[in-house]
Amino acid sequence: MKLSRMAAIPLRQFYLYRGSVARLVPMFAWVTIDMVLWGFMTKFLGGVTQTQYRFVPALLGAVLFWDFMTRVMQGVTTAFFEDVWTRNFLNVFGTPLTMPEYIGGLLVSSMATSAVGLVVMLAVAGLGFGLSFAAYGVMVIPFLLVLFLFGMALGIGAIAIVLRLGPAAEWFVWPIPALLSPFAAVYYPLSTLPPWIRWISHLLPPSYVFEGMRNVVAGHGVNTALLGVALALSLAYILAAYLVFTSVFRHAVKTGLLARYSAESVS
Amino acid sequence: MDATRDRQPVLNVAGLRKHYGTIQAVNGISFEVCPREIVGLLGLNGAGKTTTISMILGVLEPTAGSITIAGVDLARHRSRALAQTNFAAVYAPLPGNLTVWENLRVFGLLYGVKDFKARAEKVMDQLDLKKFRDTKCGVLSSGEQTRVGLAKALLNRPRVLLLDEPTASIDPASAKDIRQTIRAAVRQSDTGVLWTSHNMYEVEEVCDRVLFLSRGEIILEGDPKTLPAQYGRQTLEELFISVAREPLELGMEER
């Protein structure tokens, strides 16, 4: 594995972001809108319920964490889509670039863009609504780590779908976080969900994070063993997503799908 | 040409096949390309030229056969083999949303070009691209974009250069310049070139040897300057048309 080849992918992304308002603005705009919208919603709920429940770290914090995971996923998919949009597969995959290097490059790109999104969200939520990571103590580190890893797994899985089904399958990718959010118990405790949905939730690493986050906010301890399960699940999903992507790539090379990608000749 | 044939080939294709179900796109072709040799791959649309190039480029897996690039087996050591290769094709322009320099920088990293700045300056100079250094490729003319693609193709001093109709979309004067540039670059290096084109004048001018491909098989091979006379034709274009329409008359029926 050569780091210089891997570096080509984030460098390309840097060049694109540097020269494009259309790419830079969404990095800040959507997360800012989310923080403002949910910040006021949190204020409103705090006012009407008149309880001691800490809505800012429990609800606005959950939105911030979920947005972060979404940004990680989109960081991977967007870097991949750049090759789709510019019909660049032949140029990129006709080079010595290996699959671990390509995926590694997409992940590094995602780290950079999601980190920017996280900083912006923290700034808006902190300055506007008083949210601070201090509310979660040191547990903020495993929380972010699990969400980061799961976001990567989703991103790799999503690009496997697009590679297999063709450019139009991009529209399957964008709603993935929204589809998962009810099962991940982002905004409410797991106990709210019917038992059969809870089984699905237990397969989703973010559900452990959000449950743990609410426990911390409520002053209860966090079950670190469950967070360990979430971490292990995230790593397993990354491995599974990577294996699926490489399998789809091999299929694309074998069937000619890669060489004629824009034809969407999926069978 | 004989001198070049004596050397170790930079590209060795043996028994290459590609089938899509019952369709035989490439049917057991074998050929070699030597250093400093330019080999033309000719044939009708759908004859299997681009399929062959895609397989050498590693983006299409052969059904059978082997491809060896500078002594490295492509199937076993894909990355090492592709490090010795590069290509340019009219259907694979570089991303239009990056400048010429940015594109070269990205592909310089991908191909592991060590002395990148000096090399990029040299290929931009060779292809008259210095004035477009900071221009986005998407706003360049077709001919200029072709030159950028060629600059990328020469960047890593490939041992095997694959050119799929490199002058297809450009005017005759620019095409002539490009042919001269490629020819000069090849002569000054150990690069072997596989070149597809439908312009027989171009093929005659640049190629040391041609391979006629029909329905996935090589049915004729030789020097483009002497081959037409061997088959009673005035020009390479006449021979091409005959091969396409009446291979049986020429005694080159498909095996």
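## A four-stranded sheet in chain B

In this predicted model, chain B holds an open sheet of four strands in the order β2-β1-β4-β5, with antiparallel pairing; strands (DSSP E runs of at least two residues) and helices (H or I runs of at least four) are numbered from the N terminus, and two strands pair if DSSP finds at least two bridges between them. Because β2 (23-33) and β5 (72-73) of chain B stand at the edges with a single partner strand each, one side of each has no neighbour in the sheet.

Strand β4 (residues 64-69) of chain B is joined to β5(B) by two bridges, and B:Ile69 has B:Val72 in β5(B) as its bridge partner.

## Chain B as a whole

The secondary structure of chain B comes to 10 helices and 10 strands. Of its 255 residues, 52% are buried, which requires 20 or more other C-beta atoms, placed from the backbone, within 10 Å of the residue's own.

## Where the chains touch

The contact, counted where C-beta atoms placed from the backbone lie within 7 Å, takes 24 residues from chain A and 24 residues from chain B. On the side of chain A that touches chain B, α1(A) gives the most, with eight residues.

## Basis of the model

Residues are numbered from 1 along each chain as its sequence is written, while chains are lettered from A and ligands numbered from 1 in the order in which they are written. Local features need pLDDT of at least 70 and side-chain atom pairs count only at pLDDT 80 or more, whereas totals for chains, interfaces and linings use all residues of this predicted model.

Key: A residue is buried if 20 or more other C-beta atoms lie within 10 Å of its own, exposed if 12 or fewer, and partly exposed in between; C-beta atoms are placed from the backbone. Two residues are in contact if their C-beta atoms, placed from the backbone, lie within 7 Å.
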